[in-house]
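Student: Could we go through this structure together, one question at a time?

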Amino acid sequence: MSARARLARTAAPFRAATRTAQVLIVIGVLMTLGFVFVATLGPTLAPYEPTQYQVDPEEPEAGQLPRLEEPSSDHLMGTNRDGFDVFARVIGGARVAMIVVLVSTLIALLVGVPLGLLAGYRGGRLDRILVTTMDAIYTFPSLLLAIVVAFLFGELFAPGVASAASAVGIVYIPQYFRVVRNHTLSVKQEPFVEGARSLGAKERTVITRYVFFNVVQSVPVIFTLNAADAVLTLASLGFLGYGVPPPAPEWGFDIQQATQDITSGVWWTTMWPGVAIILLVTGLTLVGEGLNDVINPLLRARGLSGTKLRGAPIGGSDADASLPRGRAKAADRDADDGADPPGATTSTSPNGPHRADGPDGPATADRDSLPPTAPVHSATAGVEPVLKVRDLRVGYRTPRGPLWAVDGVDLDLAPGEALGLVGESGCGKSSLSRALLNLMPPGGLVTGQITLAARGDGPGNEEIELVDASRRQLRSIRGDRASLVFQEPMTRLDPLMRVSSHFREAIKAHRPDLSNDRVRELTETALAKMGIPRTRVDNYPHEFSGGMRQRIMLALGIVLQPQLVIADEPTTSLDVIVEAQILDILAELRRDADVGLVMVTHNLGIVAETCDRVAVMYAGKIVEMGPVEQVFNAPAHPYTQGLMASTISLETTELHSIEGSPPDLIDPPDGCRFAARCPAVMDRCTEVIPRLTRPEDTAVDDHLAACILHPGADPADPLPDERS
Amino acid sequence: MSDPAAATTSSSSVDGGEPLLDVVDLHTHFPVRGGLLSRHKDVVRAVDGVTFDIQPGEVFGLVGESGSGKTTLGRTLLKLADPTSGSLIYQGRDIAGYDEKQMRPLRRELALVFQDPNASLNPAMTVAQGVGHPLLIHGLVDGRAQMRERVAAMLERVGLTPGERFLDIYPQDLSGGQKQRLVIARALITEPKFVVADEPVAALDMSVRARVLELMLELQRDLGLTYLFITHDLATARFLCDRIGILYLGNMVEWGDADSLFDDPQHPYTRSLLDAIPLPDPRRRDRDKNLPVGEMPDAQTPPKGCRFHPRCPVAFEPCGWEGADLLAFFERRWTVVDGDQVESELAATGSLQAADLRDDGVRFDAGNPVALSKLLEQLRTEQAHPLFDAVTGIERDGGGIAVTFGDGPEPDLQTIAGRQVACHLHGTVPRER
């Protein structure tokens, strides 16, 4: 049972790999296996021995094979200058190559891996000595080294397959050593290694059971790539006359012998050994590269595997936001779909979670369940929103199918307003915040509508639709009219650039005409606002503390007076006091500069401290939205209520939690996505998708919740304005 | 305090009785190698003279920001980091000098729960292998079958039911909350007495945190465990802990009964931490926060006197003012006064990078010594900052100006309101080093 689990887990990354990697591996494995097959069964396949002069070995006088005979039915690949059968030579060569490759890579592996483990884990003097030695070997040209070693071993012992294999093997020891040592160094830092020590495990146990098994995964890749290289090195040694001594069949030696034949029109003696080398090396390389794709986690990142996304999960998105969608009939909507990319409606509907029941079933209800004319904007009614988002969807490719991290979001942001976007990990809040600037990872798709309002007059400041915007347009907007502040400030600043240079680059990219003095002035003012003195403007990022770096990032974000700042967990990596300092600065900034702020966070306290409005996200959808006072004092959605109750504050006397865990977004449940965890769940909850409606007992217009506990949220109910 | 019974235990335990762990003047310093050419060695004073005790059956909270030394202190208590000096008396034995081999049998009584459940489980071991490994290490089971049985029972104990279903899967296939339950199961399977939990719920989602904390409390009650709960989150600490110690730059600045510490903090740093917590209540957003300035300094070069003084909102004359504080004062001042004034003051002080920090103060390589001297005298009379109260001299020194400061002793712990507090506001008690 355990063995099966292990096997399933080993195979899992292969299944998750890209289609190309899978094909490469299969082809490579087949080619390599072909050679293994030939090498083992070689003698029975060939009619002659590779070193056979006579047709009949029993009779020494029977005569030699004809020399340099053209390929025929008798000699499939012809014969060579020495009167050997080329086919038999190629097969025999495969056998020698296989043995040498296996022995040499095993030598390298068995020496390099343990030394690497030991050096990496122990560190100190042992490590320094080993690293220096290995580096010295590594810097030596590998072929030259192999020749020297092969020559030495040949003199010391006997020239032959063993000497050649050892020569090739020693060349590869440093490769294993380096990879294993570096990997060990990083695994050693993992808490589970220290954890093993805390359990009382001995050093040997820690190295073998905790470090080794996590390090070896990179070995197969080197193994196959080295094997390919070993074939070439062996052939080179043979070609130069330092390899397996004749008359043993060896491809490199045979090619060298046959070079003089080419001029006399004899092609078969060089070609067949050459083809054999190319095929085996290609096969092994394909396996190695394919394995690398499988094992290297970076290439396995979300977005590079799985089917490509073409459109939104529901039959296309509505491009016309002014349309009162709640009352739009299905037929009307189909007519309005003209703005969508062709094929969007049909191509993805099978993957769409809501279409599973067929176009005539609940899908109709889905359309009606789209947010009604409900006010998604703030209480500052009448003010033109700086950002208008309609039916926004963000999808990713995964091996299991499309994942819609954001699944139909509408919201408005007024100038100078701060909107808190809260939710737990995986709810889609980060995807949403990045999509607002159309910043997507490869394979990600944004559909819907994101409108950034005009900023005063003048060119480059007009109203713009960000989903359809060109890359050039987006570049000109990011960092100028809208900016994004990330969680890890250090990774966003170039360590080799002075802080002032970061500013100069950012400002000049958008305002090339500004004088250097003016750029300097803007920089100093922005930094001073964040509490960074002008005496430190020319320092490098590493000369600042974590909180200061985040202040620098904020200053960079606001230096060109953007309309919109999106802050994605801007204080999560900071300590509580520094966090409070930064939040104070953000609040001040908003009061002074009329910037629209979207604050993405998992911390309800931060929202309560800094935001005017809050939107609560769950499983890709906004489940509740409204003024902070209203939502915090009288949360209307059971998820919001659960989130508030599970927040631990200084006054907490009893712990609460929400049972269960969030749904799988690749195959989301029907109806309300919170239903499975909801304490107030009813049968109806799994049948309809609730729409955002104003709860009956709320005091303000712009408080909305998507829960059928509130009349009007059930798509079958009349809309609130029809109710009255 | 959620549990009245726990409250009585903790208050009686403070009065005396044999502590489970007695920590006396514990130091853990790490050497840092300088550049390639410099042979001189600096040390990071991660834990720098900490004294406290942990009573059997209590939850002791260790609260501090990153860089306070709380994780190093936790690791030192389990001897995963070697103490530089001081004693560590566990059940009557001083284990500070024990080597790895002497510690090994003790390890089954001491357990560790990490912050990040994703990184604290070996990805190459199944649940049964990983959780059961401690049993094999300490020879507590005969054979694999018995180990699997014990693991399954433990898994059910931490809420992973049915236990058998989890035995042969890998931790990567579980959710964050489930993984943390695994980590807890592994820590408790040898029936330890003392558990160090280093931010055990910080990496978990809000809706899951409560469940894991509840589990930890339940296990503590049922198994009679003693916890050292390391956290930066004061709210969780208050809910969970009987007593709390606040750590700042390797020093315990205040420790004692949790509730009274929160209701009536006696150290300005404790008060600042409490004020800084973002409250999930928009009605209280405009409260007066009185935040400390700046950030925690480097533990390689801790400030003189009270280590919190450069940031303290209520610091006064004896707190340990020094040259670096004057430079920081100018830097902060120049972000608020207008540009012309910055120009003229900068002309007077000369480059601050060129200023020479000394044991008793600082020497400015002044651009204009006369103007600087005048400026400093003026700031002193204005009492522009409490640091000027500690200035003992402003004198010409060659072409520059030297400013000297009076003595600022390091505060020692003193008993205030039933707690240990290290702050000069309660009377100056210099600490002997």
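Student: How far is the sulfur of A:Cys707 from the closest cysteine sulfur, and in which residue is that sulfur?
Tutor: Before we start, this is a predicted model, where local features need pLDDT of at least 70, side-chain atom pairs count only at pLDDT 80 or more, and totals for chains, interfaces and linings use all residues. Residues are numbered from 1 along each chain as its sequence is written, chains are lettered from A and ligands numbered from 1 in the order in which they are written, and side-chain values use heavy atoms, leaving out hydrogens and water. Now to your question: a disulfide is a pair of cysteine sulfur atoms within 2.5 Å. The closest sulfur is too far away for a bond with A:Cys707: 6.0 Å, in A:Cys678.

Student: How many disulfides are there over all chains?
Tutor: A:Cys707 counts as buried at 9% relative accessibility, where buried means under 20% relative accessible area, exposed over 50% and partly exposed in between, with a 1.4 Å probe and protein chains only. A search of the whole structure gives the total over all chains: zero.

Student: Which cysteine has the sulfur nearest to that of A:Cys685?
Tutor: A:Cys685 is buried too, with a relative accessible area of 8%. It is in no disulfide, and the nearest cysteine sulfur, 6.0 Å away, is that of A:Cys672.

Student: Why is strand β9 of chain A described as largely enclosed?
Tutor: Strands are DSSP runs (E, at least two residues), numbered from the N terminus. In a regular strand the side chains alternate between the two faces of the sheet. In β9(A), A:Arg613, A:Ala615 and A:Met617 on one side and A:Val614, A:Val616 and A:Tyr618 on the other are all buried. The strand, residues 613–618, is largely enclosed by the rest of the structure because the buried residues number six of the six.

Student: Does β3(A) run parallel or antiparallel to β9(A)?
Tutor: Two strands pair if DSSP finds at least two bridges between them. Four bridges join β3 (residues 418–422) of chain A to β9(A), and A:Gly420 stands opposite A:Val614. The direction of this pairing is parallel.

Student: Which residue takes a positive phi in the hairpin of β9(A) and β10(A)?
Tutor: These strands pair in the antiparallel sense over six bridges, with β10 covering residues 621–627. A:Arg613 stands opposite A:Pro627 there. The hairpin has two residues between the strands, and the one with a positive phi near 50° is A:Ala619.

Student: What kind of aromatic pair do B:Phe52 and B:Phe60 form?
Tutor: Rings of Phe, Tyr and Trp (its six-membered ring) pair if their centres lie within 6.5 Å; planes under 30 degrees apart count as stacked, over 60 as edge-to-face and the rest as tilted. Here the centres are 4.9 Å apart and the planes make 35°, so by that rule the pair is tilted.
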